[in-house]
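Please walk through this protein chain with the coordinates open.

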Amino acid sequence: MIERVKRNSKQSSKHPTAGEADTGDARRDRWRKHRIARRAEFVEAALRALDTHGPDLGMEDVAAEAGVTKPVLYRHFDDKADLYVALGQRGTEILFQRLIPAINSELAPVPRIRMALDSFFSVIEEHPNLYRLLARGGLQEKVVVKSDVVAEDKELIATALTALLGDYMRMFNMDSGAAEPWAHGIVGMVQSTGEWWLDRRSMGRDSVVEYLTQIIWAAIDGLSRQQGIVIDPNLPLEENKVVQMRKESEAQ
């Protein structure tokens with residue numbers, strides 16, 4: 001889904017990627033697609049190994065989980081850095097596959113906020129070690145990678161949320177200048193709460209999602225009421241504003 005990590009990494013061009021066009025050589029294209037599929041299988045094996053061994057997993061752990069030898073693994077990845085970057089890309093895909101439909105759902109404001117938050121917390125609950133590896137600098141400490149997956153994702157989500165909030169604020173004839181700091185504040189709060197929750201687990205996912213939903217809605221409701229605008233939190237708005245998160249290559 002997202003190509004930013006790939007371009008910012010030292011990933012070798014000898015490994016084919018899913019976005020490459022067919023060459024017209026049927027045999028070569030079949031082999032390329034096979035290698036893409038095989039690489040994806042190894043990334044899924046790495047996710048499982050990460051769940052078992054934690055952020056300190058080694059290439060031997062991934063190879064064992066995939067049922068192959070390390071030399072076979074190195075045919076598809078230049079080194080551990082290449083594998084870790086691929087894990088980051090896969091984490092981004094998993095998150096955005098859930099988050100984008102939730103953000104764009106045609107629901108009332110509060111259920112829409114709740115669904116978006118739940119999509120994020122469901123991902124970090126299912127893949128806590130992947131989130132810890134990426135969010136806490138483990139990726140940069142363990143391997144030399146010109147990439148910060150979490151920072152890039154935060155920026156993309158905050159930018160999209162800025163556009164969404166700005167659209168709604170203009171729809172209500174409000175000053176949309178607050179949209180950007182609001183968006184970055186919300187994204188930062190959610191990430192910080194997510195890291196705290198993974199460490200403590202002092203409450204269930206539903207509870208932390210509900211508390212954050214209340215905080216975010218209280219801020220939106222308070223600002224709108226200051227402008228003399230009352231929004232029913234449980235009724236869909238007249239217009240369903242949506243966000244688009246596209247590959248940079250598609251935007252050109």
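Over residues 58–77, what percentage of the chain is helix, what percentage is strand, and how far apart are the end C-alpha atoms? The chain there is 65% helix and 0% strand. The end C-alpha atoms lie 13 Å apart. This stretch carries a label: an unreviewed UniProt entry annotates residues 58–77 as "DNA-binding region". That label comes from the record, and such annotations may be inferred rather than shown by experiment.

Now the confidence. This is a predicted model. The protein averages a pLDDT of 84, and 82% of the residues score at least 70. Among the elements, helix α11 (residues 205–226) has the highest mean pLDDT, at 96. Helix α1 (residues 4–8) has the lowest, at 38. Over residues 1–13, pLDDT stays under 50. The model has 36 contacts beyond four places in sequence for residues 1–13. Over residues 247–252, pLDDT also stays under 50. For residues 247–252 the model has five such contacts, again beyond four places in sequence. Where pLDDT is low, the predicted coordinates should not be read in detail.

Next, helix α5, which spans residues 80–103 and holds G91. Is G91 buried or exposed? G91 counts as buried because its relative accessibility is 13%, and the cut-off for buried is under 20%. L47 is 44 residues away from G91 along the chain. Their C-alpha atoms are separated by 9.1 Å.

Two backbone angles come next. Most residues other than glycine have a negative phi. N173 is not a glycine, yet its phi is positive, about 60°. N173 sits in the loop between α9 (149–171) and α10 (179–200). With a relative accessible area of 73%, N173 is exposed. R201 is not a glycine either, and its phi is positive at about 50°. R201 is found in the loop between α10 and α11. At 38% relative accessibility, R201 counts as partly exposed.

Now the charges. Side chains of opposite charge can pair when their charged atoms come close. How many salt bridges does the count give? The count comes to 13.

E93 and R90 meet through their side chains in a salt bridge, 3.2 Å from N to O. R90 is partly exposed at 21% relative accessibility. E93 is partly exposed as well, with a relative accessible area of 25%.

Another bridge spans a longer stretch of sequence. R205 forms a salt bridge with E125, and the closest N and O atoms are 2.7 Å apart. R205 lies in helix α11 and E125 in helix α6 (residues 109–126), so the pair ties together parts that are 80 residues apart in sequence. R205 counts as partly exposed, at 23% relative accessibility. E125 is partly exposed too, with a relative accessible area of 30%. Salt bridges can also share partners: E44, R90 and E93 are joined that way into one network.

The last pair is E239 and K241. Their side chains meet in a salt bridge of 3.1 Å, N to O. E239 is partly exposed, with a relative accessible area of 39%.

Definitions and conventions. Residues numbered from 1 in each chain as written. Heavy atoms only, no water. Helix = DSSP H or I, 4+ residues; strand = E, 2+ residues; numbered from the N terminus. pLDDT = per-residue confidence, 0-100. Contact = heavy atoms within 4.5 Å. Buried < 20%, exposed > 50% of the residue type's maximum accessible area, 1.4 Å probe, protein only. Salt bridge = Lys/Arg side-chain N within 4 Å of Asp/Glu carboxyl O.
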